[in-house]
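I opened my notebook to look through this one piece by piece. Here is what I looked up, in the order I went.

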Number of protein chains: 2
Amino acid sequence: MRIPILKLHNYLLISIQTELDDNTAIQFQEDLLNKIHKSGATGIVIDLTSVEIIDSFIAKVLGDVVTMSDLMGARVVLTGIQPAVAVTLIDLGIHMKDVPTALDIEQGLIKLHKELGV
Amino acid sequence: MRIPILKLHNYLLISIQTELDDNTAIQFQEDLLNKIHKSGATGIVIDLTSVEIIDSFIAKVLGDVVTMSDLMGARVVLTGIQPAVAVTLIDLGIHMKDVPTALDIEQGLIKLHKELGV
């Protein structure tokens, strides 16, 4: 299955509401990068509210997605990171230090507005 | 699989980017009504840009979703209806007369703003 990517003005919104298996995660990475290229989006909100657990592979893919999007000129905000997911990320040494985060999609959009000034 | 429903302020955004089979459609109907109830959303945008074909069952479920959401106090805007889907809907006698439609999600949100005045 594929994770839907919504375009809203020059932002992309993604809400991951399914447990991510390896193939879905890789497909998502590819779809998102293509969509950034096609849409010229400058900001991306990835909402993880419904993701309850995360393994090391998915965590790596997520980290990669953020870095790759950045390379392509689109700023990523991660929102709704659950306590268990936060614990796993830190346990795995994935600190996402320079990645802005927020509580929910609304807050994420506000953060993008502030960062990008649009 | 389940179709993700994004909450943005008091609106719900749904982008259907997969061919809808019967079970997915029914599950979507149930998920959306629950989400309206839980979130108190007043407006809903359902984006069909990526739906290329539609059969009579799915068309009926979609029509039902619109009516049911209305009953629960949430206004639905359908966006991105493809030519082939429009043809099928009319062929099936599903006119969606009182349902506001728009070209894409942005236009759909503008329409909701105008209709609901919020």
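**Entry 1: the sheet of chain B.** I then looked at the pair as a whole, strand S3 (residues 43–47) and strand S4 (residues 75–79) of chain B, and found 5 bridges in the parallel sense. Before going further I noted for myself that this is a predicted model.

Stepping back, I read the strand order of chain B as S1-S2-S3-S4-S5, an open sheet of 5 strands with mixed pairing. I wanted to know which strands stand at the edges. They are strand S1 (6–8) and strand S5 (101–102) of chain B; each has a single partner strand, so one side of each has no neighbour in the sheet.

**Entry 2: the sheet of chain A.**

Strand S3 (residues 43–47) and strand S4 (residues 75–79) of chain A run parallel and are joined by 5 bridges. I picked out Asp47(A) and found its bridge partner in S4(A) to be Thr79(A).

**Entry 3: backbone angles.** His9(A) has one, about 50 degrees, and it sits in the loop between S1 and S2 of chain A. In chain B I noted His9(B), with a positive phi near 50 degrees, in the loop between S1 and strand S2 (11–15) of chain B.

**Entry 4: where the chains meet.** Next I turned to the contact, which takes 15 residues from chain A and 15 residues from chain B. The area buried between the two chains comes to about 1400 Å², and carbon and sulfur atoms give 68% of it.

For the polar side of things, I counted 6 residue pairs in polar contact across the interface, both residues at pLDDT 80 or more. The elements of chain A that give two or more residues to this side are strand S1 (6–8), strand S2 (11–15) and helix H4 (105–116). By class, the side of chain A that touches chain B has 9 nonpolar, 3 polar and 3 charged residues.

**Entry 5: salt bridges.** I looked up one pair joining the chains, Lys7(A) and Glu106(B), whose side chains meet at 3.2 Å, N to O.

Within chain A, the side chains of Asp31(A) and Arg2(A) form a salt bridge at 3.0 Å, N to O. Asp31(A) belongs to helix H1 (residues 22–39) and Arg2(A) to the segment before S1 of chain A, so this pair ties together parts that are 29 residues apart in sequence.

**Entry 6: confidence.** Chain A averages a pLDDT of 92, and 99% of the residues score at least 70. For the model I wrote down ipTM 0.80 and pTM 0.87.

How values were computed: Residues are numbered from 1 along each chain as its sequence is written. Chains are lettered from A and ligands numbered from 1 in the order in which they are written. Side-chain values use heavy atoms; hydrogens and water are left out. Contact means heavy atoms within 4.5 Å. Buried area is the accessible area (1.4 Å probe) that two parts lose on being put together, summed over both. A salt bridge is a side-chain nitrogen of Lys or Arg within 4 Å of a carboxyl oxygen of Asp or Glu. A polar contact is a pair of N or O atoms within 3.5 Å; within protein, one must be able to donate a hydrogen and the other to accept it, and residues adjacent in sequence count only if both atoms are side-chain atoms. Helices (H or I, at least four residues) and strands (E, at least two) are DSSP runs, numbered from the N terminus. Ala, Val, Leu, Ile, Met, Phe, Trp, Tyr, Cys and Pro count as nonpolar, Asp, Glu, Lys and Arg as charged, and the others, Gly among them, as polar. pLDDT is the predictor's confidence in each residue, from 0 to 100. Two strands pair if DSSP finds at least two bridges between them.
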